[in-house]
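Let us learn to read a protein model together, one feature at a time. Have a look at the picture, and then we can start with the surface.

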Amino acid sequence: MPFGPSDRAGRGTKVILLDDPNQIDRPYLDEQTNGLSYASEHMKGSPLCWQVTMDPSECERSALALDASMRL
């Protein structure tokens, strides 16, 4: 069942945002203005949030995903 506007994250809830900020396919967004970058920037300094940034060598990417990220 989908979540509604009155649903909230309860005690012990963990939320993970995972994406590649360079892989944007919208004309008015880029790696600095997408939702992941926005959330990361605005949650900096919160004692409840942690950020992990991976180097390209730590991420496995298919040839198709790599090609798409360079073209889009």
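Q: What do the words buried, partly exposed and exposed stand for?
A: They sort residues by relative accessible area: under 20% is buried, over 50% is exposed, and partly exposed is in between, with a 1.4 Å probe and protein chains only. Take Lys44: its relative accessible area is 56%, so Lys44 is exposed.

Q: Before we go on, what kind of model is this, and how are residues numbered?
A: This is a predicted model, in which local features need pLDDT of at least 70 and side-chain atom pairs count only at pLDDT 80 or more, while totals for chains, interfaces and linings use all residues. Residues are numbered from 1 along each chain as its sequence is written, and side-chain values use heavy atoms, with hydrogens and water left out.

Q: Which residues form the salt bridge with an N to O distance of 2.8 Å?
A: That one joins the side chains of Arg71 and Asp67. Arg71 is exposed because its relative accessible area is 66%, whereas Asp67, at 30%, counts as partly exposed.

Q: Where do Arg71 and Asp67 lie?
A: Both are in helix H2, residues 63-71, and they are four residues apart, about one turn of the helix. As for the label, helices (H or I, at least four residues) and strands (E, at least two) are DSSP runs, numbered from the N terminus.

Q: Is Ser37 buried or exposed?
A: Ser37 is buried, because its relative accessible area is 17%. You can find Ser37 in helix H1, which covers residues 35-42.

Q: What does Ser37 touch?
A: Contact means heavy atoms within 4.5 Å. Not counting residues up to four places away in sequence, Ser37 touches Pro21, Glu31 and Gln32.

Q: Which backbone oxygen does the side chain of Ser37 reach?
A: The side chain of Ser37 reaches the backbone oxygen of Glu31, at 2.5 Å. This is a polar contact: a pair of N or O atoms within 3.5 Å, where, within protein, one must be able to donate a hydrogen and the other to accept it, and residues adjacent in sequence count only if both atoms are side-chain atoms. The backbone oxygen of Glu31 also lies 3.4 Å from a polar atom of the side chain of Asn34.

Q: How is a pocket found, and what is the volume of the largest pocket?
A: Rolling a probe the size of a water molecule over the atoms shows where empty space is left. On a 1 Å grid over the protein atoms alone, using a 1.4 Å probe, a pocket is an open set of points with protein on both sides within 12 Å along at least five of seven lines; lining residues have an atom within 4 Å of a point. Grid points are joined across faces, edges and corners, and a volume is the space filled by probe spheres set on the points. The largest pocket has a volume of about 1600 Å³. Of the 34 residues that line the largest pocket, the closest to its centre are Leu17, Leu18, Leu36, Gln51 and Val52.

Q: Which element gives the largest share of that lining?
A: H1 does, with five residues.

Conventions:
Salt bridge = Lys/Arg side-chain N within 4 Å of Asp/Glu carboxyl O.
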